[in-house]
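Let's take a walk through a protein model together. Have the sequence and the 3D view ready.

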Amino acid sequence: MRPNETFDGSIHWYSPMEQPFQISGLAWFTQEKIYRRLPTLPSGATPEAVDNLANHTAGGQIRFQSDSSSLLVKVKLKGKANMVHMPATGQCGVDCYVGSPDTLLPLRYVNTTKYDLTLTEYECALFTNWNASMRNIVLNMPLYQGVEEIWIGLDEGATVTAPPGYASGKKVIIYGTSITQGGCASRPGMAYTNILSRRIPLEFINLGFSGSGKGEPELAEIISQINDPACTVIDYEGNCVSTELFRKTLPEFIRIYRGAHPVTPILVVSRIRYAREELTPHLYEARMERKRFEQSLVNELREQGDLNIYFFDGSGSLGNEDFFECTVDGSHPTDLGFLRMADALETVLKTLLL
C-alpha cells in the first residue's frame, strides 16, 4: 500500500509533446499542444463548467515504444486530489499498459502511480529493472484533474520509437456525463472508453463532462469539428435535467451534428440503471420515459432516411440480477461496472466500426 518506490538509476526525461511520442484521445492536441479535451478558443460560447472540465485529461493517452528497462513519470497537476468517492489513483493518477512491439493490441496492465495525494506534483516509477526489450507502451492520463506538465523517464541510451498505428485515422467520439468521464474508476485505464480502446484498434475521444454533459447546441457544434469520426456515441441522458428539456436538446444535437457529418454512424445510448430505482419508482419511471423517447426518435429519423443512426438500450449494461453491485454510490460505476459497460458496448461498436 506504499507509494511507488523511488528510483535512483540513470534516467533521461522526455516530453511526450515531442516525437516519437504520440498523444491520443485529445482531439485538439495536435493544433494547440495543450493537455485539454476541447479547444481553448471554441467557435461558440461554452458553459463554464464544461470549459473547466475540458482541462481534465480523461481519455488522454501517451503512446510510444521503448526497450527501456525502467519507466518513470513526473506529473504536475492543476489541483490536488479532492474527491470523496473516487480514489486519487483514478482522479489524478497515471496507469501503464504494455504489449508486444509493433502490435497495437493486446495490451496488459502493469502499474499505477501511487503518490502523496496532498501534492500537486509527483514522480513515480511504473516499472524498474525489467529486461531491456522493445515494448509497446500506453500511459492513461488522469480522469478528473488537469495536467500542467508530464514527463517520461527512461534509461539513458534507451531506444524510443513511434507507437504502432491504428487501423485507420478515424476516431470514436463518446459524448456524455460523469460516467463517460470515468467516475468513479479506481485508475484511468478502467474508464469504459479506455477499456474499449484496448479492444478496438481506433483512437477514442472521451468527451464526458461530469454533471455538465447536457447536450447544448454549442457542444454539438464543437464536437462536429472533430475530423474523421468513425462513430459518435451520444450518452448524456443522465445529465439531461428533465424529460421535457431532453426532448428539445437531443433532436437539435443530432441535427447539428448531422449537418457536418451526414453519414457518420451515431449511437444514442440510454443510461444505466441506478441501484435505488426499485425503491424510488419515480426514478424508474423517468428513465423508462426517456428511453422510450430516445428509441422513438431514432426510429423516426431512420424512417426519414437516416439509416446510420442507432439506439442502444443501456439499462442492462451493468448486468441483470446483480447490477446494483456495480457502482460506488448507486450511480457511478466501479471498475466492475465499467468492465460490464465495455462488454455491453464492444459488440455493438465493432459491428458499426469494423
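Predicted model: local features only at pLDDT ≥ 70, side-chain atom pairs only at ≥ 80, totals over all residues.

## Before we start

Residues are numbered from 1 along each chain as its sequence is written, and side-chain values use heavy atoms, with hydrogens and water left out.

## The annotated domain

An unreviewed UniProt entry carries the annotation "domain: SGNH hydrolase-type esterase" for residues 170–350. UniProt positions follow the numbering used here, feature names are shortened, and such annotations may be inferred rather than shown by experiment.

Over residues 170–350, the chain is 41% helix and 15% strand, with the end C-alpha atoms 14 Å apart. Helices (H or I, at least four residues) and strands (E, at least two) are DSSP runs, numbered from the N terminus.

## Two pockets

On a 1 Å grid over the protein atoms alone, a pocket is an open set of points with protein on both sides within 12 Å along at least five of seven lines, while a cavity is a set where a 1.4 Å probe fits but cannot get out; lining residues have an atom within 4 Å of a point. Grid points are joined across faces, edges and corners, and a volume is the space filled by probe spheres set on the points.

The largest pocket holds about 380 Å³ of space. It has 24 lining residues, and Q22, I23, S24, T30 and E203 are the closest to its centre. β2 (22–24) and α1 (29–32) each give at least two residues to this lining. By class, the largest pocket's lining has eleven nonpolar, eight polar and five charged residues. Here Ala, Val, Leu, Ile, Met, Phe, Trp, Tyr, Cys and Pro count as nonpolar, Asp, Glu, Lys and Arg as charged, and the others, Gly among them, as polar.

What about the second largest pocket? Its space comes to about 200 Å³. Among its 19 lining residues, T177, I179, D235, R271 and I272 lie nearest the centre. α4 (178–181) and α9 (335–353) each supply at least two residues of that lining.

## One cavity

The count comes to one cavity of 30 Å³ or more. The largest cavity has a volume of about 110 Å³. Its lining has 15 residues, with Q61, R63, L107, V138 and S197 nearest the centre. β8 gives the largest share of that lining, three residues. Nine nonpolar, four polar and two charged residues make up the lining of the largest cavity.

## Strands and buried spots

Strand β4 (residues 71–77) and β7 run antiparallel and are joined by six bridges; two strands pair if DSSP finds at least two bridges between them.

How many of the residues of strand β7 (residues 121–127) are buried? Five of the seven are, so β7 is largely enclosed by the rest of the structure. Buried means under 20% relative accessible area, exposed over 50%, and partly exposed in between (1.4 Å probe, protein chains only).

L207, in strand β12 (residues 203–208), is buried with a relative accessible area of 0%. The C-alpha atoms of L207 and L38 are 8.4 Å apart, although 169 residues separate them along the chain.
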